[in-house]
Amino acid sequence: MRCNKYKVMIYKQKILVLILFFICGTCTIAQKHQKLFEDSYILLDNMITNQKNYSFRKAVFSVENAYLDGNLDTVFINKSLKNLHDLSLALTKERFLSYPEKDKDKVNKWAAVFQVICDTIPLNINDTIYQYIPFGYDFNDVFGHEYRENLFVSKLLETRKGNCRSLPYLYKILAEELGVDANLALAPNHVYIKHQSLKDGWYNTELTSGIFPVDAWIMASGFVHIDAIANGVYMKALNNNESIALILIDLADNYKAIFPDNDGSFILKCCETALKQYPNFATALILKAETQYNCIEKEKDKMKQIKLFKNLEKEYAYIHKTGYRNMPENMYIDWLMSLKKEKSKYENKNLNKK
């Protein structure tokens, strides 16, 4: 009898050890994953504090690598970007650009990147003509609700299909690889490119449909309040630090997706750093408020909870005051499609993409 009891005790101990080993192993894996997010945050923060460290390419892929738990295929990405860079560079040298101003070299590089992303290009390789196929728009899971990877530049490079985030991100990466700037800009649920040339002034570059729309198209969404424009919520040409602010919120959103039961501290840190660079960045303001709301709900001191909720109401009131208005996702798709359906109405006819 004692022998049997001893065996049962040893068996229970082994089970306990296995359970503890599993728990500890799971914790270690989670900690390693969290460290990738922390490392990415440090990288992005350093880019803001020291412009010499700035690299939009490194920023984007550090965030994607953190989400993918360190499994980003950097060999494939580097090879893909080199090929796109080389093709863009070749186009700048081989194509005649009818543009008279002294910033022609810069405009030529912008045109080359645009062509690589949006146009079919005939390629002569060893006296054989091949067709280069451009990137397309992926209407499946536009907002990354099913798979966040659908928002990634790495997914765009792999599948040749992307969305209003990955396409302008790739454009900015390629432009900077060629040594020219590219300004991201925001519209409701949307990211696009703004350029300023000597001949045409500021103009919009829309990569999801491959045309240059006038500002009226952005206003046509019905969700761009005049205050949102005045306050830089929408249609502002973002500088590099403000672009890194966008990437910081991508990092925070990815962290939230991986660790839904987080205590809010990492997300709030990302939001605060982003808002220092881009105070009226609506997505950051909303994410900060939502995270604070979740934290307040866990507060056990009722009086303190009431006080915190009152402060939160002020934050939501400020978001509304900036001119931000929420655009339903189904309406966003209709608005996006309107650019193709009414191309002649919204296309900037002063620009020639060739």
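**Notebook: side-chain contacts in a predicted model**

I began with Glu 272, which counts as partly exposed at 36% relative accessibility. The model I am reading is a predicted one, and I keep that in mind for each entry below.

Entry on Glu 272 and its partner. I looked up the salt bridge that Lys 288 forms with Glu 272, and I noted 3.1 Å between the closest N and O atoms. Lys 288 lies in helix H11 (residues 282-297) and Glu 272 in helix H10, so the pair ties together parts that are 16 residues apart in sequence. Lys 288, at 14% relative accessibility, counts as buried, whereas Glu 272 is partly exposed.

Entry on the other salt bridges. My search of the whole structure returned 12 salt bridges, and I went through two further ones. In one of them Lys 155 pairs with Asp 138, with the closest N and O atoms 2.7 Å apart. Since Lys 155 belongs to helix H5 (residues 153-159) and Asp 138 to the loop between strand S3 (136-137) and H5, the pair ties together parts that are 17 residues apart in sequence. I found Lys 155 to be buried, at 12% relative accessibility, and Asp 138 to be buried as well, with a relative accessible area of 14%. Lys 199 forms a salt bridge with Asp 200, and here the closest N and O atoms are 3.5 Å apart. Lys 199 is partly exposed at 42%, and Asp 200 is partly exposed at 25%.

Entry on aromatic pairs. A search of the whole structure gave me 16 aromatic pairs. I examined Tyr 41 and Phe 266, whose ring centres are 6.3 Å apart and whose planes meet at 70°; planes over 60 degrees apart count as edge-to-face, so I recorded the pair as such. The pair links distant parts of the chain, because Tyr 41 sits in helix H1 (residues 2-49) and Phe 266 in helix H10 (residues 265-277), 225 residues apart. Tyr 41 is buried, with a relative accessible area of 10%, and Phe 266 is buried at 3%. I also noted that both residues belong to one aromatic cluster, formed by Phe 37, Tyr 41, Tyr 255, Phe 259 and Phe 266.

Entry on charges over rings. I looked up Arg 160 and found its charged end over the ring of Phe 135, 3.9 Å from the ring centre. For Lys 172, I found the charged end over the ring of Phe 56, 5.4 Å from the centre of that ring.

Technical notes: Residues numbered from 1 in each chain as written. Predicted model: local features only at pLDDT ≥ 70, side-chain atom pairs only at ≥ 80, totals over all residues. Heavy atoms only, no water. Phe/Tyr/Trp six-rings, centres within 6.5 Å; stacked < 30°, edge-to-face > 60°. Helix = DSSP H or I, 4+ residues; strand = E, 2+ residues; numbered from the N terminus. Buried < 20%, exposed > 50% of the residue type's maximum accessible area, 1.4 Å probe, protein only. Lys NZ or Arg CZ within 6 Å of the ring centre and 35° of its normal. Salt bridge = Lys/Arg side-chain N within 4 Å of Asp/Glu carboxyl O.
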